[in-house]
Amino acid sequence: VLAIARTAREQGDLRAIALAQRDVAAANDVDEILSRVVSHAALTFSAKGAWIERRDRRGVPTLSHMHGVTVRRELATIDVPLDDATALVAGFAARDEHREALVADLAAHARPLLAAAKERAKLREQIETATRLADGLRALSGETEISGVLTRIVVMAASLGGAATLVRRSDGGVLAGDALPASLVSFVRDTRPPIVVTDGSFTGTDGRRLTAVAAASAGPGLVIVLVSPEREIEAPSLRALELIGAVAGGVLARMGERDVATRERAELREETERLQTELRSREETLASTVHELRTPLTSVTAYGQLISRNLQSALQQLAQLDRLIGDLRRDAVPALTLAETDLLKQVKDAAQRQRLLTSANVTVAAEGEGPFVVRADVGRLGQVLDNLLGNAVKFSPKDAPIDVAVRRVEEVVLVSIVDEGRGLSNEDLERVFERYYRSASTSADVPGLGIGLAVSRDIVTAHGGRIWAESAGVGRGSTFTIALPAVAKTSNAEVR
């Protein structure tokens, strides 16, 4: 009977251990294997309590997959190692070598299964990490802003497991990521990466002890730091961190070169524009002065024929020619030399010059008694009058009358030059004083550069006056008017 009973018990134990082994072997991952081992220790082999106990590098135990009573002093326990840091703990109400042996056999069967599952999990994690890393690096290469690059560096590093921070080694400044404790920043500044620290010597900003810390270079002067509160950072993760830092360093260097090139290009463009503006200004001054040289030269030629009667006028034109040549050499209009002068007399002199040059039909009339005294630069004022009268003659039919009226209205002396020439359109009236502007209706058959009126406006404005044009339309003549401040009527100053 004893033999039969023993045989039946052994057969039942064999059947139970076989079923338990088959069930554990069917588990798909580490967590499921551990859960099934604990369940069979308690339910199949009658342990009063069972659990998995893990110990970290400092020997601190952590319990998981608990089933039943987990207080050691209440049980007769056995510890069966599953790997270097993990053990199955089973507790019975009293010592039972037979059942303890069955639990040990089950743990021995689970040990290679657990190692294989861990290896599969590690390979799966490495594949997932590599995939995330590849996606992140592709996205990193497409970033156009430094802030985006820094953010992606931190995100990719954190995907390796933990929290990531990008630190500047020169001063420990955090460029992106989570804050670091001062002791860790000091360590990073004094250490040459790559490096992994797993001795638990650092604590996080929350006071928790860090399981592992890794650092890798991210280009000149930059370090990417990965901290893990709970899990170790293994060699593959460190290599991935180095790869992230190397690619990030290259991208940052490229963007730095791009920013330098952009800044230099902008500076070069500004310098080019400045030089172009200066050159354009010089060309305009040169063109204006050359244009104005023609009038006094022509006047001198005409006065040369009548030198005995017009010596003073010829000398004045030579003086104006000398001033214009001086303007050409200086590329700028000199300061005005102001004196009180009779504007009516200056208009009559300019009209006489036109008669001598072109035999034009120019008449001058004074409206009112005056006086018509203004403070002006006589040479520059004559230049304006010559420009306006010359234009009136050029754009009028031969022998057409040119009427000039001089009048005083309160504290302003006005000179109006009226012709019966081609007239001006509305667009011409808006732009006639622009430098180089010429009306489309006249530019083809009347020579000129479109400079004289612009120069005249500048001179009148410098005298504190105004100049404007009026016209009833194309083919209906034009009127150009100058308004200059009058000298007070009570002035006893000498009039030139």
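Start at helices α8 and α9: α8 passes α9 in a right-handed crossing. Keep in mind that this is a predicted model.

**Stop 1: the helix pair**

Select residues 343-358 for α8 and residues 378-394 for α9. Two packed helices are described by the angle between their axes and the distance between the axes. Here the axes come within 9 Å. They cross at roughly 45°, and α8 and α9 are therefore oblique to each other.

**Stop 2: the contact residues**

Show side chains on α8 first. Pick Leu343, Gln346, Val347, Ala350, Ala351, Arg353, Gln354 and Thr358.

**Stop 3: the aromatic pair**

Move on to the rings. The count of aromatic pairs comes to one. Select Phe433 and Phe480, which form an edge-to-face pair. The ring centres are 6.2 Å apart, with 75° between the planes. That angle is over 60 degrees, so the pair counts as edge-to-face.

Where do Phe433 and Phe480 lie? Phe433 is in the loop between α10 (426-431) and α11 (452-462). Phe480 is in strand β16, residues 478-485. The pair therefore ties together parts that are 47 residues apart in sequence.

**Stop 4: burial of the rings**

Is Phe433 buried or exposed? Phe433 has a relative accessible area of 11%, under the 20% cut-off, so Phe433 is buried. Phe480 counts as buried too, at 11% relative accessibility.

Definitions and conventions
Residues are numbered from 1 along each chain as its sequence is written. This is a predicted model: local features need pLDDT of at least 70, side-chain atom pairs count only at pLDDT 80 or more; totals for chains, interfaces and linings use all residues. Side-chain values use heavy atoms; hydrogens and water are left out. Rings of Phe, Tyr and Trp (its six-membered ring) pair if their centres lie within 6.5 Å; planes under 30 degrees apart count as stacked, over 60 as edge-to-face and the rest as tilted. Helices (H or I, at least four residues) and strands (E, at least two) are DSSP runs, numbered from the N terminus. Buried means under 20% relative accessible area, exposed over 50%, partly exposed in between (1.4 Å probe, protein chains only). Axes are lines fitted to C-alpha atoms, for helices over the stretch in contact, and angles run from 0 to 180 degrees between N-to-C directions. Angles under 35 degrees count as roughly parallel, over 145 as roughly antiparallel, 65 to 115 as roughly perpendicular and the rest as oblique. A crossing is left-handed if the near helix is turned anticlockwise from the far one by less than a right angle, and right-handed if clockwise. Contact means heavy atoms within 4.5 Å.
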